[in-house]
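Hello,

Here is the structure I promised to pass on to you. Please open it beside this message, and then read on for what turned up in it.

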Amino acid sequence: MSDITIQNFETELIQASMQQPVLLDIWAPWCQPCRTLGPILEKLETAYEGRFTLAKLNSDDQPEIASQLSQAFGVRSIPFCVLFANGQPVDGFVGALPEAQIREFLDRHVPSADEVEAEVETAEAEALEAEGDLPAALAKLQQAVAADPANDSARFDYVKLLIETGDLVLARQAFEPVVSKLQFEPRLAALGLWLSACEKAPVARSPQALAAAIEANRRDFDARYELAQLLMAVGRFTDAMDALLEIIMRDKAWHDELARKTYVAILELMTKPVPKAAPGQDAAKAKGTLELTGKAAVTPSDPVIDQYRRKLSMALF
């Protein structure tokens, strides 16, 4: 628990909420309901075992912050609690609510214990993979998916690593629960295309046979697409996109734009997911004013991905 002031507002509230939700309790020493609510909030912070952080703001000592939040939510009384997540105030409640109602409020915004466990396992898996310990990384990702089956990010990493280590049977089993989401989740759809390409590779024609077929007929798009899938299966993503680009330049609409869709899927596989929003600069201290909006994280540009996006754009337009 921390006490919020104009000096630490940015670090203790805005930046802290980038890492986990922060519940800000706005109170005053003379407020009897505040005294009732305070111990309940402290008890819940302990009960939730780090899934959110409690911060307190004395409205008498920090009227500027209290006033801005009150105006933002149209609230004129205390106790008044505001939940911050990813640098933004996202919800709040007024009054000394019973513990059960506060739990209901928190559960709408705070990750469950299973979600937290999955995030921890995923982070540990990433470190193990970086160290080259792939079996241990797979075990961690398997635990993450088991702990939180709805965590599509953990499942994506798990299936991806299974593909990379050649366990396509287990990859397909792990992928099946999200098949219904493919229309709405581009990264999962891209993963599905990659998995399918890997499954078809053992029965595909050889690269030499495909090259000969293409040499004999430049418009043999079936052979070009089969070659692209073969290249995709072995992780030669840029070579696969080059093969797909040849189809797109000759016939954009071939097989309901299958070449373009696969090209875009490969770009999706190569693109790192947007990281959790990073803390912004301490503008409040620099300017002496209160800023309620954190700065969004930006994924660094990849020159290869940028190059192939331009190639696709030129082929299409």
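To start, in which helix is His255 found? His255 belongs to helix α13. Do keep in mind as you look around that this is a predicted model.

**Some backbone details**

What is the phi of His255, and is it positive or negative? Its value is positive, about 50°, although His255 is not a glycine. Asp256 is also part of helix α13, and the phi of Asp256 is positive too, near 55°, again in a residue other than glycine. For background, most residues other than glycine have a negative phi, and most peptide bonds are trans.

There is also a peptide bond to look at. The bond that runs from Ile78 to Pro79 is cis, and its omega is near 5°. You will find Pro79 in the loop that lies between α3 (63-73) and β4 (80-85).

**Helix α13 and its partner α12**

Now stay with α13 and look at how it packs with α12. The angle between these two helices is about 155°, and their axes are 10 Å apart. Angles over 145 degrees count as roughly antiparallel, so α12 is roughly antiparallel to α13. The crossing in which α12 passes α13 is left-handed. On the α12 side, the residues that make the contact include Phe237, Met241, Leu244 and Ile248; on the α13 side, Trp254, Tyr263, Ile266 and Met270 are among them. Sorted by class, this contact has 14 nonpolar residues, 2 polar and 1 charged.

**Helix α12 and its other partner α11**

Helix α12 (residues 237-250) also packs with helix α11 (residues 221-233), at an angle of about 160° and with the axes 7 Å apart. That angle makes α11 roughly antiparallel to α12. Here too the crossing is left-handed. From α11, the contact takes in Phe221, Arg224, Tyr225, Ala228, Leu231 and Met232, while α12 brings residues including Phe237, Ala240, Leu244 and Arg250. The contact of α11 with α12 has 10 nonpolar and 4 charged residues, and no polar ones.

**Helices α7 and α9**

Are α7 and α9 roughly parallel or antiparallel? Helix α7 (residues 152-164) packs with helix α9 (residues 186-200) at an angle of about 20°, and their axes are 11 Å apart. Angles under 35 degrees count as roughly parallel, so α7 is roughly parallel to α9. Their crossing is left-handed. Phe156, Val159 and Ile163 are among the α7 residues in this contact, and they are joined by α9 residues including Leu188, Leu191, Trp194 and Leu195. In terms of class, the contact of α7 with α9 has 8 nonpolar residues, 4 charged and no polar ones.

**The largest pocket**

What is the volume of the largest pocket? It comes to about 1,300 Å³. The pocket is lined by 40 residues, and those closest to its centre are Glu119, Thr122, Ser153, Asp157 and Pro273. Several helices take part: α1 (9-19), α5 (113-130), α7, α9 and α13 (254-270) each provide at least two lining residues. The largest share comes from α5, with 8 residues. By class, the lining is made of 18 nonpolar, 9 polar and 13 charged residues.

Happy exploring, and write back with any questions!

Best wishes

Note on methods: Residues numbered from 1 in each chain as written. Predicted model: local features only at pLDDT ≥ 70, side-chain atom pairs only at ≥ 80, totals over all residues. Heavy atoms only, no water. Axes fitted to C-alpha atoms, helices over the stretch in contact; angles between N-to-C directions. Helix = DSSP H or I, 4+ residues; strand = E, 2+ residues; numbered from the N terminus. Parallel < 35°, antiparallel > 145°, perpendicular 65-115°, else oblique. Left-handed = near helix turned anticlockwise from the far one by under 90°. Contact = heavy atoms within 4.5 Å. Nonpolar A, V, L, I, M, F, W, Y, C, P; charged D, E, K, R; others polar. 1 Å grid on protein atoms, 1.4 Å probe; cavity = no way out; pocket = protein on both sides within 12 Å on 5 of 7 lines; lining within 4 Å. Points joined across faces, edges and corners; volume = space filled by probe spheres on them.
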